[in-house]
Structures are given as structure tokens and as C-alpha cells.
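Hello,

Here is the structure I promised to pass on to you. Please have a look, and then read my notes below.

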Amino acid sequence: MSASFGGVAVSGLDRGTVSSTEVSLGTISIYSHCTAPTWFSVSPNPFESKVKLSWGGASGGTNNSIKNYYIQYATSDDNSNWRGWSGLTTTEATKADISPQISRGRYIKYRIRTQGTAGSSYYSGFRESNSVRRILYTSCVAPTSFSCSPNPFESNISLSWSGASGGANNSITGYTIEYIPSVRLVP
């Protein structure tokens, strides 16, 4: 007579007589997955330099307490076509301040998973954040007309200009005036 328990074969034959055999399988540990955060947010939107990631509601599994959180990111030029996910950081906290290295006007989004003490077989799935856009700035436009009077001058001159305009999220706060003196030789 034989039986199999979890891959352990048990047999009990004694000189042709059937007898019973006792096998101890030891302690059986049951594990279950951690759960992903129930909410995940990124702010502000749009952002200039840093974004704050915050999340909550994750829980550990059976014999699998939360060890940390793993964060990935993806970027996009148009908030529709996304590049692949890249690893960013692992943290024990439920918030992080990140300085995304993306060009102005581009988008970024994040996803997070809960990592437990029982190992990668029992990590949670991913929870994705909303996307955020880096503030788009464009250059100011130089004046379209510029004049200097009187010409010729003796001591003081008057400068005037017009047609300058600010760019996207970039208003005019002042003007810089530069000059180059030249020497005129009189014959």
C-alpha cells in the first residue's frame, strides 16, 4: 500500500503484511499575495520641478507583511502614446517626492506595487496613477521694431521699441539693453 502527500511517497509493506506507517509532514505555511494600494495620486498637475506621489490602502497577505513599495514610470509626448515602463525606486514610505527628468510639455505617469516579505511570488499587482504634464514654457518674442533718437546725437538718446510678447507660461518681466561703442574716424 502506498500514498503520496505533497510529493512525499509513503509505503507500508512488511514481509507481505500490510501495516500502517505514520509520516510527519511538518508545519505547512500558507502564503497569500499583498494587495495593491487602493488609491494612488500624483500632484500638482501640471508641475514645474517636483511631483508628490502618495498612496494608501495596501495590505499584506497571509504570512506576508508589507516590506516596501516598488515604483515605475512611463513618459509620453502627447499623453496617448507611452514609452515602456522603467524602474524608479523602492521605498518603505507611502509617499515620495520625485523630480522627473522630462522635457517641458511632456507627460509622465507612475505605477506602484506592494512587495511583501514572502518574496516576489506574493507581490501585488500594479496600481497606475493619473498622468501629469510638465509645464510648457516657450520663449518670449523679441520686439518687432526698435528705434534710437536723435541721430546723430550729442549727449542723450531715447530708445523705444514695440511688438515684444511673452511666451506660454512665460510673461515679460523686463528688458535687457546692450550696446557696442564704435569709433568713427574723421578724415
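Is isoleucine 135 buried or exposed? Isoleucine 135 is buried, because its relative accessible area is 17%, and buried means under 20%, exposed over 50% and partly exposed in between (1.4 Å probe, protein chains only).

A word on the background: this is a predicted model, in which local features need pLDDT of at least 70, side-chain atom pairs count only at pLDDT 80 or more, and totals for chains, interfaces and linings use all residues. Residues are numbered from 1 along each chain as its sequence is written, and side-chain values use heavy atoms, leaving out hydrogens and water.

Back to isoleucine 135: you will find it in the loop between β12 (132-133) and β13 (145-149).

Of its 187 residues, 22% count as buried. Among contacts (heavy atoms within 4.5 Å) with a separation of 6 or more, 57% join residues 24 or more positions apart.

Finally, the cysteines. Cysteine 34 is buried, at 4% relative accessible area, whereas cysteine 148 is partly exposed, at 39%. The count of disulfides (pairs of cysteine sulfur atoms within 2.5 Å) comes to zero.

Best wishes

Key:
Helix = DSSP H or I, 4+ residues; strand = E, 2+ residues; numbered from the N terminus.
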